[in-house]
Amino acid sequence: MTRLSDPPVGTATAVGLSVERVDARDKLAGKAEFTVDLHPPFMLYGSVLRSPYAHAVIEGIDTSAAEATDGVVAVLTGDDLADIDPYYGHALRDRPVVAIGKVRFAGEPVAVVAAVTQSVADAALASIEVTYGTLEVAASLDAALAPDAPLVHEGAVRPGLAHGLGALPEREGNICYRYGFARGDTESVFESAPVVVEGDYLFPAVYQYSMETHTTIAHHKGDDIVVWSSCQHPFLVRQEISELFGLPLDRVEVIVPFLGGGFGSKSYTKMEPLTVAISRKAGRPVRILNRVDESMVTTRRHNMKCRMRTAAGADGELLGREVELWLDTGAYADNGPRVTATAGDAAPGPYGWKAMDVRAHCVYTNTGPSGSYRAFGSTHVQWIGESQVDEVARRVGMDRLEIRRRNLLPRGGEVRPGAKGVDADLVGDIEAVAAAIDWGAERPPNRGVGISIGLLAAGAHPVSMATVRLGPDGGVTVLVGTTELGQGSRTAMGQIAAEVLKIDSSRVRTMGTDTAYTPYDRSTGASRSTTVAGKAVEEAALSVLDALLETAEEILGVDRAELTVAGGAVEAGGQAIAYQELVQRRFGLAGGELVGHGRVQPRGKSGGFADGPVFWEICAAGAEVELDPETGIVTVLRTSSVADVGRAINPQLVESQDEGGTLQGLGNALFEEMRFDASGTLLNDTLLDYRIPSFEDLPAAMSCTIVENADGPGPFGAKGCGEGVLAGLPAAIVNALADAGVAMRELPLTPERVWNQIRKQRIDGASSKD
Amino acid sequence: MKLPPFEVHRPTSVEDASRLLTELGDDAVAMSGGTELLLAMKLGLASYGHVVDLKRVGALRSLEVSGDVLSVGGGVTHRELETSPLVRSLFPALSSMLADVANLRVRSVGTLGGNLCFADPHSDPATFLAAMGAVAVLGSGASSRRVPVEGFSVGPYETVLAPGELLTGVELRLPGPGTGVSHVRMKTHERPTVTVTSRVEVAGGVVTSARLAVGSVCSVPVVTDTASSLLGSAREDWEERVARCSAATAEAVEPVADADGAVGYKSALVEVLARRGLHRALELAAGSAGAGGVAP
Ligand SMILES: Cc1cc2nc3c(=O)[nH]c(=O)nc-3n(C[C@H](O)[C@H](O)[C@H](O)COP(=O)(O)OP(=O)(O)OC[C@H]3O[C@@H](n4cnc5c(N)ncnc54)[C@H](O)[C@@H]3O)c2cc1C
């Protein structure tokens with residue numbers, strides 16, 4: 001880890017220090033509570049019957065034998081939902097709580113059994129008889145986009161409750177959402193450009209493996225619902241549950257213990273509606289705990305096909321880019337429209353195009369639904385755009401770092417019409433990742449280096465609230481709706497409050513979310529927590545500080561300007577009063593507590609949040625690879641990344657974000673791929689067949705450069721991190737492999753695919769010499 | 001995909017285990033480490049009411065050398081074999097082959113016997129032992145018979161084991177002076193995609209014995225007769241002989257296409273890995289000629 005600038009000396013007490021994670025010891029000792037550790041009284045165990053067919057009409061379901069089984073308390077099917085509007089979905093309200101009359105992907109829940117033990121529930125599934133009438137299947141983008149393709153959904157588009165995508169277009173065949181923008185006259189730019197690079201590209205479906213699978217416990221008590229869930233966005237889940245089951249928001253309580261990773265797989269509403277529905281029928285709390293194969297068809301990353309072309313001048317000036325892409329959102333839209341828009345936003349890359357034209361389509365197919373996954377959109381397209389920049393450089397004979405230096409947008413440059421301009425030093429960032437892999441050094445044959453840079457629209461919708469409480473013994477409690485899913489948010493939030501109050505961060509406790517007590521926070525995703533929720537925590541802490549100073553003014557009889565704050569005390573003229581005393585003097589006897597509130601909203605006093613996106617996350621990475629041309633094996637020798645974070649609240653956490661993102665980036669680039677057959681069945685639905693990165697795959701060296709230009713809208717100039725490298729690294733690896741001689745247009749770079757491409761290039765090379 | 005209930009039996013002798021399996025018939029299965037069996041049962045690929053756990057059968061857990069023969073009990077785990085000081089000093093190639101199998105967790109409970117008896121086409125030990133000309137000892141208590149490991153597996157997940165019969169052990173010859181053994185593999189998933197084991201002997205500067213097994217690409221490991229083309233060759237011929245032998249090996253082996261790759265790709269890998277493996281084995285043999293066969 002390298003930090004490009006040292007934090008200001010003398011001021012920091014907590015921010016900028018790599019303090020120990022507040023949850024580390026409990027997690028290592030197995031004491032930290034996850035949803036699976038909770039056992040509300042009378043809890044039942046749910047088991048889900050899933051469709052074996054990807055597209056079929058449900059002609060009948062006979063649950064009588066299951067219902068008659070000893071220990072089974074309730075069996076849920078689509079028939080139990082007649083009294084509610086049973087459709088939900090973040091972007092489009094297209095998904096029934098449980099299949100109603102039809103299934104649209106293999107793995108779709110058709111029935112749920114709740115029983116006194118898990119094995120009774122599992123065994124009872126086998127006695128449910130479902131009669132299916134199979135339908136024609138569209139299991140791939142090509143099948144779904146064919147003129148006579150079977151329709152996955154019929155009927156009008158119903159918008160989700162809070163998608164933030166503006167007016168949604170009508171569905172067109174299986175295309176459920178379209179996004180695009182243009183600037184300049186693309187046609188004439190491409191006609192007159194001396195260099196045009198173009199191609200068709202494929203990106204695979206990927207599983208956002210996290211150690212904890214989706215786990216939910218729900219208790220529908222009639223007038224109240226309590227949900228304990230491994231969810232990233234508790235307040236959005238609350239909203240959908242409230243709407244589905246017709247109870248006011250304040251009667252739906254969502255409680256979030258620790259999460260064992262999420263990476264986007266636990267964004268928005270997943271297993272919660274099904275769990276609430278079976279609990280409603282059973283009248284008792286019910287737990288549904290997904291297995292890995294079930295989580296794989298609960299959500300995944302969109303596979304994509306893309307056609308892109310780039311126009312450039314003979315001097316390497318980047319002139320125009322045209323992009324059309326199709327993302328496979330599976331059977332239900334989930335967050336697909338947003339992913340599609342973000343991919344569109346990322347497609348031009350951070351260059352000063354004279355003309356650009358981006359068209360992105362979100363497509364239904366009969367496969368498991370696709371949603372968010374770390375750095376979505378950018379990971380999809382950055383490797384394509386950046387490989388075309390490299391290709392331009394090769395054709396005009398220019399160094400690949402130099403072409404970026406010349407063409408990258410300056411600070412303030414327009415990324416796309418209507419969006420916030422560039423808010424970072426892009427040239428500085430790309431130079432940092434290049435330097436870290438010894439750009440320009442001599443290399444033996446079959447080695448290659450690559451760099452890449454892109455932007456990710458980050459921050460989502462900037463609405464977050466926080467409460468900070470200072471008790472009479474000087475202890476501080478932070479209530480904030482950010483979900484701790486392993487990224488270290490509770491630690492960082494505590495550091496922010498500690499910094500404002502000038503106390504040791506060990507005196508601050510940050511709680512998990514319970515929507516009944518925790519103030520609203522929109523979501524934990526889009527690298528927003530430290531920036532947006534962290535800003536709310538800063539403001540809440542400032543408000544507590546204000547109350548402390550006010551009290552000190554009164555007691556000491558001096559003006560605020562004469563007060564200084566340090567070490568948990570307020571000082572004036574050599575006299576220091578500890579916070580404990582201030583609280584006790586203010587309230588008398590054993591004291592009350594000082595409570596401060598903070599909030600961030602698009603408009604309002606936190607000015608930086610008015611324009612979207614909240615910030616552009618920088619996706620810069622470098623890689624050096626070695627190719628074994630005889631087997632096609634690509635080995636990543638070393639990687640570099642830049643965490644352009646404005647200000648590192650906790651440098652170690654920043655670095656571990658980049659390390660985790662690096663490993664996931666390796667998986668996405670080199671081997672992760674969900675394979676569906678033409679009938680829509682997922683072929684590799686176990687971790688034996690779907691390989692995730694492990695320590696064996698770690699490159700020999702990973703370097704992370706932390707850039708701190710204090711240019712973020714978050715607390716202390718911070719902005720988010722953790723996603724960028726996942727978009728940047730696959731692109732750097734693709735470029736490094738092309739540098740070693742093999743230009744790939746399909747991910748992942750499996751040895752067989754690389755080997756095939758080597759052979760193809762040899763044959764093409766031989767025939768072009770004829 | 002959750003493990004259904006079953007009854008566990010824990011015999012302490014081969015005879016008792018064998019009798020239980022015979023009595024309980026088709027509804028019973030033997031289990032050593034359970035790393036394959038329990039997985040298959042979880043995935044719903046197999047289902048049994050009775051599991052005969054062999055872990056307490058002491059006779060299956062022996063590991064000994066007599067003369068130049070190493071005998072490994074069917075119940076010895078990969079990890080025990082890999083880390084055995086005896087194996088490390090007398091047969092380092094066996095130890096390093098095992099070090100690449102699966103992961104530490106699987107190696108710590110998974111056994112050599114379980115690997116061979118499961119007869120998954122993708123297997124390191126099966127390829128290795130076939131190249132060594134190892135012998136599988138099968139028994140049911142009263143009687144026992146010996147079959148070459150090469151013919152032990154007769155198809156994917158199929159072996160020559162008769163009902164109630166157990167793999168009690170494997171016997172293989174230790175490498176003597178001038179012997180070079182190499183095991184090269186490539187994997188894209190958990191299990192190997194291609195495995196090639198070479199065993200060559202060099203005496204007086206020329207190859208006096210050569211054996212090559214190719215595994216994981218076909219339904220069972222194949223010992224090709226192509227390596228005999230190396231016999232009598234001296235170092236200066238190796239480059240060309242090995243190239244020809246590897247090409248001929250790729251010709252001789254007929255891979256099966258699966259999720260690990262298409263036939264053409266696998267054939268190419270067989271050629272590459274055979275070439276690399278043979279060179280490595282020849283170098284080891286040449287280096288150890290007269291040095292007790294202990295390759296580094
Ligand atoms: C994640 C993972 C990765 C792996 N990677 C590799 C790899 O890289 N290379 C490789 O070669 N293998 C690999 N394997 C396979 C591994 O080597 C086997 O799982 C292990 O050796 C099986 O041994 P076991 O004792 O657990 O078998 P069990 O599961 O106990 O038994 C397997 C089968 O053999 C039968 N059986 C067991 N013992 C006997 C006996 N003594 N007599 C008769 N029948 C018997 C059982 O009835 C059962 O049918 C991998 C497995 C896993 C799970």
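**View 1. Strand 17 of chain A pairs with strand 18 of chain A through ten bridges, and the two run parallel.** This is a predicted model in which local features need pLDDT of at least 70 and side-chain atom pairs count only at pLDDT 80 or more, while totals for chains, interfaces and linings use all residues. Residues are numbered from 1 along each chain as its sequence is written, chains are lettered from A and ligands numbered from 1 in the order in which they are written, and side-chain values use heavy atoms, with hydrogens and water left out. Strand 18 covers residues 355–364, and in it R359(A) is the bridge partner of E324(A). To get from strand 17 to strand 18, the chain passes through helix 9 (residues 336–346) of chain A, a right-handed β-α-β crossover. Right-handed here means that, with the strands pointing away from the viewer, the path from the first strand over the helix to the second runs clockwise. Helices (H or I, at least four residues) and strands (E, at least two) are DSSP runs numbered from the N terminus, and strands pair if DSSP finds at least two bridges between them.

**View 2. Strand 17 of chain A (residues 318–330) is largely enclosed by the rest of the structure, because 13 of its 13 residues are buried.** Buried means under 20% relative accessible area, exposed over 50%, and partly exposed in between (1.4 Å probe, protein chains only). Ten bridges also tie strand 17 to strand 16 of chain A, this time antiparallel, with R321(A) as the partner of T310(A). Five residues sit between the strands of this hairpin, where G316(A) takes a positive phi near 85°.

**View 3. Strand 11 of chain A (residues 195–203) has a covered and an uncovered face.** V195(A), V197(A), G199(A), Y201(A) and F203(A) make up the covered face, and V196(A), E198(A), D200(A) and L202(A) the other. In a regular strand, side chains alternate between the two faces of the sheet. Strand 11 runs antiparallel to strand 16 (residues 303–312) of chain A, with nine bridges joining them; V196(A) stands opposite A311(A).

**View 4. The ligand lies between chains A and B.** Polar contacts (here, N or O atom pairs within 3.5 Å) include a ligand oxygen 2.7 Å from a polar backbone atom of L37(B) and a ligand nitrogen 2.9 Å from a polar backbone atom of L167(B).

Methods
Near = heavy atom within 4 Å. Polar contact = N/O pair within 3.5 Å; in protein donor to acceptor, adjacent residues only side chain to side chain.
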